[in-house]
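Subject: Structure for you to look at

Hello,

Here is the structure I said I would pass on. My notes on it follow below.

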Amino acid sequence: MNQHLKHILDFINEAKHLSEDEKVALLKSVKSADKDLLISEFKLERTEKVKRTTAILLEETIEELEQKRKAIEDSNDALQKSLKELKATQSQLIQSEKMASLGELTAGIAHEIQNPLNFVNNFSEVSKELLEEMLEEIQNGDMEEVDAIAKDVIQNLEKINHHGKRADGIVKGMLQHSRTSSGTKEDTDINVLVDEYLRLAYHGLRAKDKSFNATLQTHLDDNIKTINIAPQDIGRVVLNLITNAFYAVTERKKESKEEFQPMVIVTTERNPSLEGGQEGVKISVKDNGNGIPQKVLDKIFQPFFTTKPTGQGTGLGLSLSYDIIKAHGGEIKVTTKENQGTTFIISLPTNKNA
Ligand SMILES: Nc1ncnc2c1ncn2[C@@H]1O[C@H](COP(=O)(O)OP(=O)(O)O)[C@@H](O)[C@H]1O
Ligand SMILES: [Mg+2]
């Protein structure tokens, strides 16, 4: 029993002025007080215990949370790393697609360079002969003739220079195509770009396959002055659309028994009605190939999707094209009809704030 209660108990027992009944009643109260006290003590102890276990649990939880935080941090690091790797792989892929399309261009480039080279060779030979003639005329003293020949030679040299520059331009363009694009935009004559790639692609194919023949049509809108684009990137998009179109018409030609005339039409147009009344240009590449079946159509913009045999397609052309057009704030759309052909349409906004 509690020490203080015991004192009170003794005090009551010895009290002389209290009756027996009063003592019994008081003793009963004291005992019940003692019982209450015991219960309270017990409860207090229990609460203490609960408090201690809660503290332990809390500590454990904190530790667990810390471990989880570390795990998240680790997986975050791993994610960052794989993101970096992914980016590296992506740029490698872009490079390999570029190399593949460069392969397609090589024959066309050789063909395009052959023409200016022929000019340079012929005109330099002719000029040499002219100069020999001039020497004779100098000895003859016919200054009038000397004068005329000199003027001819000057004209020839101008032509040689002109064609030399043309070859130079073609080689530079090729080098630019294979280089990693900086994505820098510059004012570009889209009609010249489209025309150049169309010719390179066509002659490239012809060089590989002499029997290849297609009607080429260009409808280039003279109202387009220059547009601000990354020329290498848009050039690659156009080239891919054109090579895809040539491939499609060639396939159809191979399959068709009856007379079939392959046709590819490239069109540029200024200020078509773009969404939201934006100013812009539209570039379309239309072919009369086999068209694209619906279940293929759903996938053509996916990276690595190709229906071409191994070695002929990378499946990256349209996925890269999509990215490039998107980066220009534009759109790429396709309409197709089985056994009739396909049209790819690129819209590029040209307002400054686009
Ligand atoms: N003009 C087209 N006509 C028919 N099919 C096309 C045409 N353009 C693209 N395709 C389809 O889209 C696929 C993906 O094209 P692309 O991304 O350029 O890759 P690749 O040319 O390497 O196959 C092609 O394999 C082909 O099935
Ligand atoms: Mg392609």
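Buried residues make up 21% of the 354 residues in the protein. Please bear in mind that this is a predicted model.

Overall shape first. For a compact globule of 354 residues the radius of gyration would be near 20 Å, whereas the protein has 44 Å. The C-alpha trace spans about 170 × 60 × 45 Å along its principal axes. There are seven helices and seven strands, and from the N terminus they follow the order α-α-α-β-α-β-β-α-β-β-α-α-β-β. If contacts between residues at least 6 apart in sequence are taken, 72% of them join residues at least 24 apart.

Helix α1 (residues 3–14) has twelve residues, which at 1.5 Å a residue should span 16 Å, and its end C-alpha atoms are 17 Å apart, in agreement. The number of buried residues among the twelve of α1 is zero, so this helix lies largely in the open. In α5, 18 of the 25 residues are buried, so the helix is largely enclosed by the rest of the structure.

As general background, nonpolar side chains in soluble globular proteins tend to be buried together. Leaving aside neighbours within four places in sequence, A245 is in contact with V264, V285, D287 and G289.

R236 lies in helix α5 and counts as buried because it has 23 C-beta neighbours inside 10 Å, where 20 or more are required. Its contacts, leaving aside neighbours within four places in sequence, are K98, S101 and I324. R236 and M143 are 93 residues apart in sequence, and their C-alpha atoms are 55 Å apart in space.

Next, the ligand. Which of the 21 residues around ligand 1 come nearest? They are A248, T306, G313, G317 and L318. The elements giving two or more residues to this shell are α5 and α7 (317–327), and the largest share, four residues, is from α5. By type, the shell has eight nonpolar, eleven polar and two charged residues.

Finally, two backbone angles to check. Most residues other than glycine have a negative phi. F304, in the loop between α6 (294–297) and α7, has a positive phi near 75°. With 11 C-beta neighbours inside 10 Å, F304 counts as exposed. N339 has a positive phi too, near 65°, and lies in the loop between β6 (331–337) and β7. N339 is exposed, with 10 other C-beta atoms within 10 Å.

Regards

Terms used. Residues are numbered from 1 along each chain as its sequence is written. Chains are lettered from A and ligands numbered from 1 in the order in which they are written. This is a predicted model: local features need pLDDT of at least 70, side-chain atom pairs count only at pLDDT 80 or more; totals for chains, interfaces and linings use all residues. A residue is near a molecule or strand if its C-beta atom, placed from the backbone, lies within 6 Å of it. Ala, Val, Leu, Ile, Met, Phe, Trp, Tyr, Cys and Pro count as nonpolar, Asp, Glu, Lys and Arg as charged, and the others, Gly among them, as polar. Two residues are in contact if their C-beta atoms, placed from the backbone, lie within 7 Å. The radius of gyration is taken over C-alpha atoms; the globule rule is 2.2 Å times the number of residues to the power 0.38. The expected span of a helix is 1.5 Å times one less than its number of residues.
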